[in-house]
Each structure stands twice: as C-alpha cells, then as structure tokens.
There are 2 protein chains.
Amino acid sequence: MDGNAALAALCARWRDIWLLTTTSALLGWDEETMMPAAAADHRGEQLALLAGLQHERLLDDRLAALCEDAGEAGPEALAQVRAVRRAIDRARRLPRALVEEQKRVHAAAQRAWVEARERHTFSVFAPHLTRVVELKRAEARCLSVDGAASWAALLDEYEPGVDARALCATLDALRTELAPLVQRAAGRASSARLRGTFPRERQQVLIDGVARMLGFDMRRGRIDVTTHPFCSTAGTHDVRVAIRYHDQDVREALTSIAHEVGHALYEQGVPAALQGTPAGEPSSLGLHESQSRLWENQVLRGLPFWRHLLPWVARLFPEALEGARLDEVFVAINAVEPGPIRVGADEATYNLHICLRIELEQALISGALAVRELPDAWHEAYHRTLGLVPKDDREGVLQDGHWSAGMFGYFPTYTLGNLYAAQLFEAARAALPGLDDEMAAGRFEALLGWLRVHVHAHASLRSATEIVTAATGEAPGTRAFLAHLRTRLAETGQG
Amino acid sequence: MDGNAALAALCARWRDIWLLTTTSALLGWDEETMMPAAAADHRGEQLALLAGLQHERLLDDRLAALCEDAGEAGPEALAQVRAVRRAIDRARRLPRALVEEQKRVHAAAQRAWVEARERHTFSVFAPHLTRVVELKRAEARCLSVDGAASWAALLDEYEPGVDARALCATLDALRTELAPLVQRAAGRASSARLRGTFPRERQQVLIDGVARMLGFDMRRGRIDVTTHPFCSTAGTHDVRVAIRYHDQDVREALTSIAHEVGHALYEQGVPAALQGTPAGEPSSLGLHESQSRLWENQVLRGLPFWRHLLPWVARLFPEALEGARLDEVFVAINAVEPGPIRVGADEATYNLHICLRIELEQALISGALAVRELPDAWHEAYHRTLGLVPKDDREGVLQDGHWSAGMFGYFPTYTLGNLYAAQLFEAARAALPGLDDEMAAGRFEALLGWLRVHVHAHASLRSATEIVTAATGEAPGTRAFLAHLRTRLAETGQG
C-alpha cells in the first residue's frame, strides 16, 4: 500500500481506539466528580469492557500490517508508527488475563486502602498490597527484555526512553543537594499569613478568574470539585480540571488550580491536526508534569504574579488578608515546612519525598523488601532523610493511593516535571525579556505562546528529552532547578 | 445446549450490550448537563462508535443461536428471548448505512432547528426536516411487514405490540370528549397565584426535598439542571434526573421534578436480578410515561399533597406565597389555559396537542403532506381543534425537537402515559384506603410500594397492556382518565 494511504488507514483505526480512550476518560471524570457512590461496581464493568475493546483493536493484525507501509510517508509518519508500535508491543506482551486480574485487584485494593486510612492502620491494606505487588512483578517480567521483574520496565510505561539507571543517578545527586538545603531552611519561615477564613463562594470566583487569566479556555473545558485534584481529557475541545478547596487555607485551591490548569493548557495546546492521532498525546508524563509544575511553582509561587494577585485576593478576603504585605505572602507561599505528607509539600522538600518513594518501590518490585516490612522501612527512610517520623500509618505508608492503583514507576514523573519545569521556565524567561512585568500585570499570553511552540506543538512527535533539549539548548538535568530553588530560598530569607 | 446454560450465555452477551447502552446514556446525560459546547462533534463520534459496537454485537450469529436453546429454560426465559429477538430483528432490518446516515442527518437537523427557533422561521429548518422524513420513510419501509412506509412500524419501536389502528380510534374518541371540556373550562381559572418571585437557591431546597419525599434514592442517582428535562439511566444504581427552573413560576420546577422522579422511580424499581438482562428494561415508553405522569398529575397536582406542600412552600417563598389559600393554589396548578405550546399545557388540553401532532406526522410519513406544506397544515389543525393560531413558527412547528431527532411515532407515548396513569392511580387508590391521608402527610411509601409490585417488578417480562390490565382489572382505555379529569375540573370550578 502507498505510504500516505496506509498512514490514513492507520490513523482511522487509531481514531476508534482514541474515542474509546476519551470515553473511558469521561467515565473516570464522572466517577471522581459526579457519580453516585452506589454505582461504583457498574462503572468498573463499563471501564473493563472499554479496556477490553481497546485491547482487541490493538491486537488486530491489520493495525500492525499498516505500520509496515505507513512509515514510508515521511518523518512525521515514522513518529506516528512509533507510537502505534509501542502500544501494540505493550498489548501483546501483557496477557489479557493478567490485565483483567489487575483491574479487579486494584479496585479491591483501592477500597481496602480507603478503609485502612479511616482506621489509621496498615494491616487492613497489607494483604491487598501484597497481591498488587505480585501482579506488578508479573507485569514487569512480561514487559522487560530479559524477563526479570524490572522496575525500569514499569518506569518506561510513563517515561518512554528514559534510562532508569541515569535517572536514579540524577535522583541521588538531587537528594545530596536538597537534604542540607531543607535542613537549613526549615523553621525559618511560616505559611501562616495565607491561612484564615476563606468562604467557598469567593474562592470559586478567585479560581475561575485565575484559570481564565492563565489561559484556560472555558468553552473547551470545565472546572469541578473533587477529593484528589486531576485533569482529564474527555475529547477534542473537552479538557476538564477538578480541584479541591480548603476553607482555612487559600493555598490549596490556588496551587491546585494552577497545577491542573497547567496540565490542561498542554492538552488544549496539542495542534488540532494531531489530536486523536497516535502521536497526538503529550510526550511523557514527566513532560506533562513539567507544565503543571511550571504554572504552579514558577508562576503562582513567583513574586511577579503576586504583585497582580495580592490586591485582588486581599479585596476578596478582607477577613483574612486585609493589610497583608507582598513580602509576607511571598514568604508564606514558599515557606519550607518539612512534614510527613508529600502532597502540598514545599518545593524544596517535595523531591525528597519522591526519592524515598522510589527507593521503597524499587525494593518492593525487586523483592528485596516484603510488604509486611514496609511500615518499618518507611519510618526508617523518613527519619534518615527528613529527620522525622510519621505519627501513624495514615501519615506514612497510607498517605497516597498510587500503589493501591498499581502505579509503580510513576513517582519519578513528579521530579522529572520539577526539573523540566525549571529548565523550560528559565529558557522562556530568557526569550521573553518583559515576562516579569507581564506576569505582574496578570498577562500570560507570551509565556503560553512560548510553551505552545516549544512544548505543546510537538505532542509525541519527539521524546520529552528531545523537546526539553531543543527548547532550552541543554540536556535535561538538575542545574536549572537547583538554581531556581536557591534563588527562591534566598529571596524569601530561607537560603 | 442446556436451556439454563444457554440463558446464562445469552444474558452474559447481553450484558456487554447493556454496558454500551449505559455508557451511551452517561455520554448523553453529560452532553445535556455538563459538556463544554465545543465538544459536541467529538461527542457525536463517541456515540456513533458505541452505536456501531452494539449493532455488531446484535448481528453476531452466536447471539441468535443462543436464543434457540435459551427459551427452553421456562417462561421467564421466553420473555428474555423475546426481548433479544426483537432487538436482533430490528438490527437486521436496518442497514447500518441508513442508521449512520440518520445519525448525521439528525445531528445537522438538530442544529438547524435551534437556529430556526432563534430566527423564528421555518425555512432554515425545512430542507433538513425534508431529509429526516425521507430517511424515516426508508426506515419505516425496512421495518414494516409489507414494505410500505408505515407509521405503525415506527410506533412499534416505542410501544411494542400496540395496534396502531386501535390506538388511533382511541385518540379520536379522546379528542371528541376533550374538545368540549377544554372549551367549557377555558378562561374560568388562572395559574397566576403560583407565579411571582422564587429565588433559585430556595427552589433547589424545595426540589431536593420533594424528590426525597416521593422516594427518589439520592445514593443511587442525582439531580441536575438542563434545558429540556429528562431522566437517564447511566448504570445499575445510577439514575439521573435533570430539570429546569423558572424564576417567576414555581410550577416549572415542581412539575418537572415530579415528572422526572416518576421516570426515575420506575428505573430504580426494576428488580436487581433483572437489571442488565434483555427483559430488564421498562416495558414500553407509554408505561414509562405513565409513571412520570402519575407523580406529576395525580400526585403533585392533587389536593391531598398540597395540604402538605403549601405550608412548606409558603414558608420558603413568603414574597410570593404568604397567605396563599389551599383552594387558590389547587386551582392555580390545575388551571385550564389552552395555548399553542404543548410542554407545560394543562392536563385537559395536553392530549389535544398530541392528537394534532400524530395527525400531522402520520401525513408526513404516508407522503400525504409535504414538509413545505407543514406550517399551513399546523395552523389549520390548531385553529380547527383549539381555536387558536400560533403567532409564529417558534410557537408552532418549531416548538419541539422530536422530529429533528427523528422521533416519529413517539408522541402517542405521552397520551398512553396519561391514560395508563389515571387507570393505575385509580386502582392504587382503591387498594390503599388511607392514601389521601398519607399524601397529605407527605408519605408515599405505600403508593410507591404498590407501583413496585404491580408495575416496576415486571420490567419487560410482560407487555404494557398486560401489566396495566393485571394491575387494574381492566384493559387500557380512556374511562379512568376522563373520570379523573372531570372530577378535577369540577373540584376546581372548571367543570
């Protein structure tokens, strides 16, 4: 078949797979925001059916056959073929029975995790986690080239092409740099100035305004409330963010809207012609996270934007913020306050949490650590790295739902996001000399435009590493992030 | 294959079809309540894919083969097989190309209808409606036994087994009885006492309370806001109603919540063991409508319930209803006020609208009436029957979206619902001597319990006619409805 015809046929077949993906995404969005609780089992059945239908389509030999010819249509076609082959390869390696068993086990493990959290005790969850780890080891054996239960094979699901060994070396180096920075900063600043009473209705006005200001297109998306904030793409022109509010701490809604809108801007920024094609997905989860982190950390926690934000926020919440000074709130939103909980950790401490998680999950997957030993190992690791011990399992091993959902190999994407974000923002700032003034005026068109061109436009036509390198003139690394962090700590009197 | 094994296999295959049905229902619910407008095209693609997947499954020969053996498992199994065969038969008769073309044409026609309404002019919509009618005639030819473009074949889609000729005779008789009743009542009462200012937040409190009081299980459903009220089943334990509010008229929200909750109680009342099986659907749309009408007309427009409702509503809306007397509001919510619009018409006038629609759509399908002649024919029919003429096409032929959506043969279900509702409520009242007192105390368990046993429990194991006859001891007819209407007109000084 002619290359172009094959490419068109390949994309047409992929479109059905993508329609199933976006349908599942809508069902997932609904589950987290709207669905009556009693409908959970039925929703699970719907999602399992859709996953099965996708699996069938990926294993259809005609899809693989089209890959042979489609690659001849040029370099962009090669990227499309690469994305399809990657999906087919994964579907072929994973037996459907394993995938279905995982769905059941993860669903039960999620419920057990919720119950264990309520009872502050790990033992309710432990047998479920044991089974999750067993199946995850089986999955890793299917995916790895040598049949070993390799954590690297799990990482590859989220970060295509990232070398696990190099990544671990980077993380080790980062830990060495960060530990003393956190130690020195801890206790020198407080977030108290941004706590107080923040009525929900006025927070919603604020959040709506911030989302629009950053560039979120409300005609092509929406904002809802949920327990664990997320961003989900339910279709072309349909990107939905869900955030949470804290009545006594306005940082919760502000950081979560900036974070999720960052994800949404990436999804909304994939060129229309690429949407729904195999290479139309954002390039990696780490790069995705870089977009959320950039808007959350570089923009929302930055001094320029607060010049614009503070007068508005103070007018909206006079009870809490009347007379608040710019330097006070800038310190408050950047206060280094090490604690046992990863979510909501400050920028300096955050990546240390990630290093600990990766250390522990690698040991679980390799078999070096048994699930029953996990709470002790957790305490030991936190004490060693952050000098603190969680007061119970809820503050410890039960704090996240990632492992109960089978998300092993996922935590690195958070740190990669932080590193990429700092590097991309540094390059954007160099390319856009008036950026600080624009942010101080609440204008973000230029920054978003730069990200559209240098990141969003590429979708998966290039790897995350290629995109970051081309955009910044430097291979991804820790330099820009550490420079950003040191500057911010110095500016806030914590350096 | 053993009958029971075949039945189990049949139900297992049907379950996937049902999961696709409920998934489509969720997508449809989202489209009407939550979806960003720009996502409409993508949503259409998702729904078309799901419809195609269902079609494939219905045409799978293994499904038909299982019907052969499954029927031997007993009388309930026969009902299951009947439901499957009906669906297969329809899928086989309708070429996929026709179904897909209809989906596209209906989507375009719906958009043209919205635009035509905005511009108050039929000509924008006419070419689209012409195409819809052509395809509907093609569909009728595929479905009818003799290959003629028969309206009866379209009716059968919504009302399995109802004889079109007998139905038309019933409607003619009804029209003859109703026309003089309406003429006599018109202008003798007014709905003004229930108009005024009704702040939205307090209306929501009222609607939430009424829904719970009638028996709607909020753990297994939800209530949202939409343009055209509806009820949708997105899964087991997931029945969603959507209603609308009018800031100046509390009747809008009250009647729409009672109506949609009536549908929802039926869906929530199908026995768990039957849900998701072929015979697990409510028996017909007319019977479905009887449940909505019963709660809307017999209950919510009845004097007993207003004994309970009025003190509460008057407390919630003192601006509008302070000092309102029971007799005043009972008259106001039952005022016969003939007008050009079907939706929101009083109980007496309502079925005359339906008779007119059926007369017109039968002429369109038979070919006796051309689309370009429709506005004139509409005016003539309204003038002849109700003695009034719509002031423009928006008040006339453009008032409903049914025809643009291809829903020909659907209007009779409204009148059948009214007839069945009166007959069922009369029987329930005879069986439950304390019913009026219970309604006056805001208690509906006994009424709901009676409906559960006599209607909901049967799902599609019996036909609507069989269910109504068994529940009331009388074949479906107009007697109970006319008796109910005459009583109510007399009680409100309009008889």
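In which helix is the place of A:Asp156? A:Asp156 sits in helix α7 of chain A, which covers residues 151-158; helices here are DSSP runs of H or I with at least four residues, strands are runs of E with at least two, and both are numbered from the N terminus. Before going further, note that this is a predicted model, in which local features need pLDDT of at least 70 and side-chain atom pairs count only at pLDDT 80 or more, while totals for chains, interfaces and linings use all residues. Residues are numbered from 1 along each chain as its sequence is written, chains are lettered from A and ligands numbered from 1 in the order in which they are written, and side-chain values use heavy atoms, with hydrogens and water left out.

With a relative accessibility of 30%, A:Asp156 counts as partly exposed, a class that lies between buried (under 20% relative accessible area) and exposed (over 50%), as computed with a 1.4 Å probe on protein chains only. If its neighbours within four places in sequence are left aside, A:Asp156 is in contact with A:Arg86 and A:Gly161, where contact means heavy atoms within 4.5 Å. A polar atom of the side chain of A:Asp156 lies 3.1 Å from the backbone nitrogen of A:Gly161. A:Pro340, by comparison, is 184 residues from A:Asp156 in sequence and 28 Å from it in space, C-alpha to C-alpha.

The N-terminal end of α7(B) is capped by B:Ser150, a side-chain oxygen of which lies 3.2 Å from the backbone nitrogen of B:Ala152.

The loops deserve a look as well. In chain A, A:Asp249 lies in the loop between β3 (238-243) and α10 (250-269), and A:Asp249 is buried, with a relative accessible area of 9%. Its side chain is joined to that of A:Arg251 by a polar contact of 3.0 Å; such a contact is a pair of N or O atoms within 3.5 Å, where within protein one must be able to donate a hydrogen and the other to accept it, and residues adjacent in sequence count only if both atoms are side-chain atoms. Not counting residues up to four places away in sequence, A:Asp249 also touches A:Leu194, A:Arg195, A:Gly196 and A:Phe198.

Two loop residues of chain B stand out by their backbone angles. Most residues other than glycine have a negative phi. B:His237, however, has a positive phi near 60°; it lies in the loop between β2 and β3 of chain B and is partly exposed, with a relative accessible area of 31%. B:Ala459, which is not a glycine either, has a positive phi of about 40°; it is placed in the loop between α19 (445-454) and α20 (464-472) of chain B, and there B:Ala459 is buried, with a relative accessible area of 0%.

How do the two chains meet? The contact takes 36 residues from chain B and 36 residues from chain A, and together the chains bury about 2700 Å², 59% of it on carbon and sulfur atoms, where buried area is the accessible area (1.4 Å probe) that two parts lose on being put together, summed over both. B:Pro36, B:His42 and B:Leu49 supply 19% of the area that chain B buries against chain A, more than any other three residues. There are 6 salt bridges between chain B and chain A, each a side-chain nitrogen of Lys or Arg within 4 Å of a carboxyl oxygen of Asp or Glu, and one of B:Asp30 with A:Arg240 has an N to O distance of 2.8 Å. On the side of chain B that touches chain A, α1(B) gives the most, with 12 residues.

Finally, a rotation of 180° with 0.0 Å of shift along its axis superposes chain B on chain A (RMSD 0.0 Å), using least squares on the C-alpha atoms of residues with pLDDT of at least 70 in both. The two copies are thus related as by a two-fold rotation axis. Since 100% of the interface residues of chain B are also interface residues in chain A, the copies meet through the same surface.
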